[in-house]
Amino acid sequence: MNELATHEVLNQSPPFEDVNLFTSDRALTEAVNREGGGSAVRRLTAFGEVCGSAAAFERGRLANENPPRLKAFDSKGHRLDVVEYHPAYHECMAVSVAEGLHCSAWDHLAEAGGKAPQPGANVMRSAGCYMAIQMEAGHQCPITMTNAAVPTLRLQPELAAAWLPKVLARVYDRSFAPLSAKRGATVGMGMTEKQGGTDVRANTTRALPAAGGGPGGEYLLTGHKWFMSAPMCDAFLVLAQAPKGLSCFLMPRFLPDGSVNALHLQRLKDKLGNRSNASSEVEFRSAHAWLIGEEGRGVPAIIEMVTGTRLDCAVASAGLMRLVLANAIHHCRHRTVFQRKLIDQPLMSQVLADLALDVEAATALAFRLSRTFDRASDPHAAAWRRLMTPVTKYWVCKMAPALAYEAMECLGGNGYIEEGIAARVYRELPVNAIWEGSGNVMALDLLRVLQREPETAALVMDDLAATAGGDPHLKAHLARVQKLLHEPRLLEQRGRALTESLATLAAGTILRAHAPAAVADAFIATRLTGAPRQTYGHGLDTADTRAIVERALPA
Ligand SMILES: Cc1cc2nc3c(=O)[nH]c(=O)nc-3n(C[C@H](O)[C@H](O)[C@H](O)COP(=O)(O)OP(=O)(O)OC[C@H]3O[C@@H](n4cnc5c(N)ncnc54)[C@H](O)[C@@H]3O)c2cc1C
């Protein structure tokens, strides 16, 4: 019904929903095909329809407007330590788990005889995550952590044998129950303490062997975690100080005898965004946990999990950037200002095209990174994975909030209102840059590779030089990066500059090789050369902005 008592509602854009998030996204479909996920196109097309449906967006809204609540005690004063979620959150989890986003990179482990990984499994999963995050972002936290926990769990075979069958199941079992009674399980992580998140070696939580100790042995953990998200996961990978140093443990919510483990949830964080997801402060009071690997080797054990989550942060930010861009273009196609559609106003067309360039670049980089997770045995892919994980995570996650803000402005006042999607996405995005290695930490990680594994950097630079091909701007940018790399003086101070230069170089080479000329030319002209920029919507005077926007969201 369009009419009110005083006026008719005119010139508002229709809701951006019932859109196939896969087939409507050329940058995504091409990246999936290019990076090795082509065999999943049919499945991803079906999933794109699910995630882009009006019902899915409504689930996302409900899950965020009704955030989880801690029930620390029951009505008689007994400890409960459970979190209650809105049914819409559980529905999002059920959708993503049924699609296997919490585990599908490891599907081969479920098959008898230890088959080889399915080619492209990570790329296919990343595509699923890229779309599921558009449906609802918060629930992707336990989905990401569960998938990323698998390589760390595998370091301790008897723990893996007990947990992996439930982790790899495509069943979302929300019950608070011992593992033996559950049909599917999720896994979280607890590293950050009050006195240190980046510097986990400052962890004060103590782990004492319950008996003899050693790999796979039972320990009692006493201490706290300042951030432990998704506390209704069935178990957590936790760092704590054992007698021989910082160590990694698997801490279940229930003990094998069926009793509840001593994890006491103190509070839930009141967060800027990510509101459907619970992030807890927790105390361990002689909580039981099982050692993964050797005592004192906690960081090497958990680093595999951390690397996996960094990939997902980049994929998630790219997906959310895509969502706000698509909403902005959609709105500007329908909204008329001064007798002309917004999309046809030259300034708006520049802004939208400019946003589209970053979304295309972010998507290209995130999926190139994902491919390297599929090709671990190829030395070039392994080098890219090591060097470009921090670079990609840094660049994609850092530019996302600014992009979301500009896309929000394209929607005018409606963009700022919570009923639309842009405000929620804007509040969500900073977290991907902060957790799992904040900006400076990513830059420092890159420098660590340069200093300790120069051959890794050399392999990546060789690949970039080969693909920069005959493009003079790419070649000039490559030379600038090479110069920075070989100038050890002030390297740490230049960490961010180097990270960003590598990211734009890598994105530019991928776009040059695979994107239409309108996109590659404009990206390279504005991001690798030209005047410095602090906002969107300039530098594209001669670019084919219409073609760029049309590619981003075909009319
Ligand atoms: C919503 C949310 C959920 C989270 N969930 C979890 C979870 O489930 N499990 C978990 O373990 N953690 C979780 N975290 C914690 C998160 O991973 C940490 O906040 C993050 O690692 C940073 O640690 P910190 O807060 O202690 O900050 P600090 O380590 O104090 O860092 C503060 C700043 O200093 C910078 N910095 C650090 N070292 C250097 C250096 N050497 N040089 C220059 N700059 C430096 C960092 O980049 C950062 O910007 C969550 C955080 C949020 C916001």
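Apart from neighbours within four places in sequence, S96 is in contact (heavy atoms within 4.5 Å) with L101, H102, A132, M135, H139, Q140 and I143. The model is predicted, so local features need pLDDT of at least 70 and side-chain atom pairs count only at pLDDT 80 or more, while totals for chains, interfaces and linings use all residues. Residues are numbered from 1 along each chain as its sequence is written, and side-chain values use heavy atoms, with hydrogens and water left out.

S96 is placed in helix α4, residues 87-98; helices (H or I, at least four residues) and strands (E, at least two) are DSSP runs numbered from the N terminus. The relative accessible area of S96 is 0%, so this residue is buried. Buried denotes under 20% relative accessible area, exposed over 50%, and partly exposed the range in between, with a 1.4 Å probe and protein chains only.

M251 belongs to strand β7, which spans residues 245-252. With neighbours within four places in sequence left aside, the contacts of M251 are L221, A235, F236, V238, N261, L263, F284, A287, H288 and A289. Between M251 and R448 the separation is 197 residues in sequence and 31 Å in space, C-alpha to C-alpha.

R448 is also part of a salt-bridge network, in which it is linked with R310, R386, D445 and E453. A salt bridge is counted where a side-chain nitrogen of Lys or Arg lies within 4 Å of a carboxyl oxygen of Asp or Glu, and by this rule there are 32.

The salt bridge between R385 and E304 has its closest N and O atoms 3.4 Å apart. E304 is partly exposed, with a relative accessible area of 33%. A further salt bridge joins R285 and E283, at 3.1 Å from N to O. R285 is partly exposed at 42% relative accessible area, and E283 is partly exposed at 28%.

For the protein as a whole, there are 18 helices and eleven strands. The radius of gyration is 24 Å, which agrees with the value near 24 Å for a compact globule of 555 residues; this radius is taken over C-alpha atoms, and the globule rule is 2.2 Å times the number of residues to the power 0.38. Along the principal axes, the C-alpha atoms fill a box of roughly 75 × 70 × 45 Å. Of the 555 residues, 57% count as buried. Among contacts with a separation of 6 or more, 73% are between residues 24 or more positions apart.

The protein exposes about 22700 Å², of which carbon and sulfur atoms supply 54%; the areas come from the Shrake-Rupley method with a 1.4 Å probe. There are 58 positive and 57 negative side chains, and the centres of the two sets lie 3 Å apart. Lys and Arg count as positive and Asp and Glu as negative, with His and the chain ends not counted; each charge is placed at NZ of Lys, CZ of Arg, CG of Asp or CD of Glu.
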